Amino acid sequence: LGKVFYIREQRLVSEEFDRFDESILKDEIKELPKKFKLLLDRNSSEYSSKSNELDSSYPNRLFKTNNGITKDEYEKSIKLMNERFEKLNKYNISDIRGLEELNSFQIEHSKALKVYFDDFEKKYKVFEDFIEQLDLFTDIINSRLKFKEIKISREKGIVVYKSDTGEQLKLSYLSSGEKQEIILFYELIFESEKNVHLLIDEPEISLHIEWQLKFMDDLLKIADKKMFKVTVATHSPQIINNHWDIQIDLGELYGN
């Protein structure tokens with residue numbers, strides 16, 4: 001079977017034990033901002049390490065560079081870099097500074113620019129998988145929320161806003177179904193490892209029909225990116241939706 005990751009039916013509350021072996025119940029939705037801030041800080045630390053490594057060797061690598069970039073390569077690199085800065089700024093997850101725009105491409109700068117763009121690619125790689133996860137998570141959750149949206153930032157972790165006014169809402173004010181979706185997809189995207197066998201118990205809990213119908217399509221997107229196998233235990237035909245080809249009826253299996 002390999003390594004198994006279990007997402008239990010009771011997702012909103014978890015149990016921990018203190019040093020006196022006393023049980024402590026934790027509200028998972030209130031813990032989520034801290035969890036996101038830890039994720040963001042961890043990625044920023046990895047970036048700092050990679051950045052320091054590259055910056056310290058920059059002069060030597062520059063002197064050893066024989067060929068610079070062309071004007072065409074410069075323009076393509078600037079365009080790509082700006083697109084990636086938009087991603088970084090969207091989640092406020094990095095202090096990477098952009099290249100001040102040059103008035104025109106100068107051939108005497110071509111070697112330095114080549115090393116600069118190569119280094120930027122290596123630095124961005126630190127965030128690339130994480131940004132894909134953040135995009136997937138925010139797209140899925142925001143497609144479900146009505147008149148609200150979530151945003152991720154290094155300062156606050158995760159925040160909910162009213163779409164029309166921008167007013168910030170407490171996570172605890174969300175409905176039970178909204179909390180279930182946020183916790184469930186957080187666990188799926190950020191806590192489950194690649195190449196595991198994932199077990200999900202009753203994902204339909206507290207979800208209205210529209211969200212249940214979307215569940216398998218979104219789960220398959222995540223499974224494709226994280227390369228894991230999934231077994232879902234459900235009583236809801238809406239969860240299965242148009243995926244009856246991959247369902248197993250246990251009643252029929254055991255002749256009941």
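**View 1. Y74 and F105 are both buried (under 20% relative accessible area, with a 1.4 Å probe and protein chains only).** The model is predicted, with local features needing pLDDT of at least 70 and side-chain atom pairs pLDDT 80 or more, while totals for chains, interfaces and linings use all residues. Residues are numbered from 1 along each chain as its sequence is written, and side-chain values use heavy atoms, without hydrogens and water. Y74 belongs to helix α2 and F105 to the loop between α2 and α3, 31 residues apart.

**View 2. Ring pairs join F36, F130, F137, Y186 and F190 into a cluster.** The whole structure holds 13 aromatic pairs. One of them is tilted because the planes of F36 and F137 are at 50°, with centres 5.4 Å apart. This pair connects helix α1, through F36, with helix α3, through F137, across 101 residues.

**View 3. The largest nonpolar core contains 56 residues (buried Ala, Val, Leu, Ile, Met, Phe, Trp, Tyr and Cys joined through side-chain atoms within 4.5 Å).** Helix α3 is its main contributor, giving 13 residues. Among the residues with the most contacts inside the core are I158, I182 and L188.

**View 4. L188 touches I7, L198, I200, L219, I222, K226 and F228 (heavy atoms within 4.5 Å).** Residues up to four places away in sequence are not counted for L188.

Notes
Buried means under 20% relative accessible area, exposed over 50%, partly exposed in between (1.4 Å probe, protein chains only). Helices (H or I, at least four residues) and strands (E, at least two) are DSSP runs, numbered from the N terminus. Rings of Phe, Tyr and Trp (its six-membered ring) pair if their centres lie within 6.5 Å; planes under 30 degrees apart count as stacked, over 60 as edge-to-face and the rest as tilted.
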